[in-house]
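Colleague: I am new to this one. Can you take me through it, one question at a time?

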Amino acid sequence: QLRIVESGGGLVQPGGSLRLSCATSGLEHYAIGWFRQAPGNEREPISCISKTGEVIEYLDSVKGRFTISRDNAKNTVYLQMDNLKPEDSAVFYCAIPVLNPWTCSKNTPRPKYDYDHWGRGTQVTVSP
């Protein structure tokens, strides 16, 4: 059973940066997607990186500020977040695609149906 663990969240001022990590054993075999969920909102997809490093970005509001990457030697996928804004505050999750777990869909995924093996998430709060 895969067990995904997210880390790296915290409190940061507007304009600041954080790097989130997503780790699981055997991660080199899988694509990983990053998602976020703010209170009262649905979970929304941010981006996905395939097993081979192909990146698909889904969320227009973070393009140019958030960067997904992977280090298979460390069994870790990262989400580098720069120029953070208060509206970025949310719990951030990562997960593995269900249908083809090594690749990322070019269509915006439905988190509840298209991804599985969710971690518990890591809280990001952007506030002065």
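Predicted model: local features only at pLDDT ≥ 70, side-chain atom pairs only at ≥ 80, totals over all residues.

Colleague: Which strand does β10 pair with, and over how many bridges?

Modeller: β10 covers residues 115-116. The two strands run antiparallel. The partner is β9, and the number of bridges is two.

Colleague: Which strand pairs with β9 over three bridges?

Modeller: The sense of this pairing is antiparallel. F92 has T122 as its bridge partner there. The strand spans residues 122-126 and is β11.

Colleague: How many bridges join β4 to β9?

Modeller: β4 holds residues 32-37 and runs antiparallel to β9. Within this pair, G33 stands opposite A95. The number of bridges is five.

Colleague: Is β9 largely enclosed or open?

Modeller: Take its residues, 90-97. Buried here means under 20% relative accessible area. Eight of the eight residues are buried, so β9 is largely enclosed by the rest of the structure.

Colleague: Which cysteine is joined to C94 by a disulfide?

Modeller: C94 lies in strand β9, and its partner lies in strand β3, residues 18-23. The two are 72 residues apart, and both are buried. The S to S distance is 2.1 Å, and the partner is C22.

Colleague: Is that disulfide of C22 and C94 right-handed or left-handed?

Modeller: Look at the torsion about the S-S bond. For C22 and C94 the torsion is about 90 degrees, so the disulfide is right-handed.

Colleague: And what about C48 and C104: right-handed or left-handed?

Modeller: These two are joined with S to S at 2.0 Å. C48 sits in strand β5, while C104 sits in the loop between β9 and α1, 56 residues away. Both are buried. The torsion about their S-S bond is about -75 degrees, so this disulfide is left-handed.

Colleague: What pattern do the disulfides follow?

Modeller: The structure holds two disulfides. Count the bonded cysteines along the chain. The pattern is 1-3, 2-4.

Colleague: Is D88 buried or exposed?

Modeller: D88 is found in the loop between β8 and β9. Beyond its neighbours within four places in sequence, D88 is in contact with residues including R36, R65 and V126. Its relative accessible area is 1%, so D88 is buried.

Colleague: What about R65: buried or exposed?

Modeller: R65 is in the loop between β6 and β7. Leaving aside neighbours within four places in sequence, its contacts include Q80, N83 and D88. The relative accessibility of R65 is 9%, so R65 counts as buried.

Colleague: What pattern does the protein follow along the sequence?

Modeller: There is one helix, and there are eleven strands. Read along the sequence, the pattern is β-β-β-β-β-β-β-β-β-α-β-β.

Colleague: How does the radius of gyration compare with the globule rule?

Modeller: For 128 residues the globule rule gives 14 Å. The value is close to that, so the protein is as compact as a globular protein of that length. The radius of gyration is 13 Å.

Colleague: What share of the contacts joins residues at least 24 apart?

Modeller: Count contacts between residues at least 6 apart in sequence. Of these, the share joining residues at least 24 apart is 61%.

Technical notes
Residues numbered from 1 in each chain as written. Heavy atoms only, no water. Buried < 20%, exposed > 50% of the residue type's maximum accessible area, 1.4 Å probe, protein only. Helix = DSSP H or I, 4+ residues; strand = E, 2+ residues; numbered from the N terminus. Pairing = 2+ DSSP bridges. Disulfide = S-S within 2.5 Å. Contact = heavy atoms within 4.5 Å. Rg over C-alpha atoms; globule rule 2.2 N^0.38 Å.
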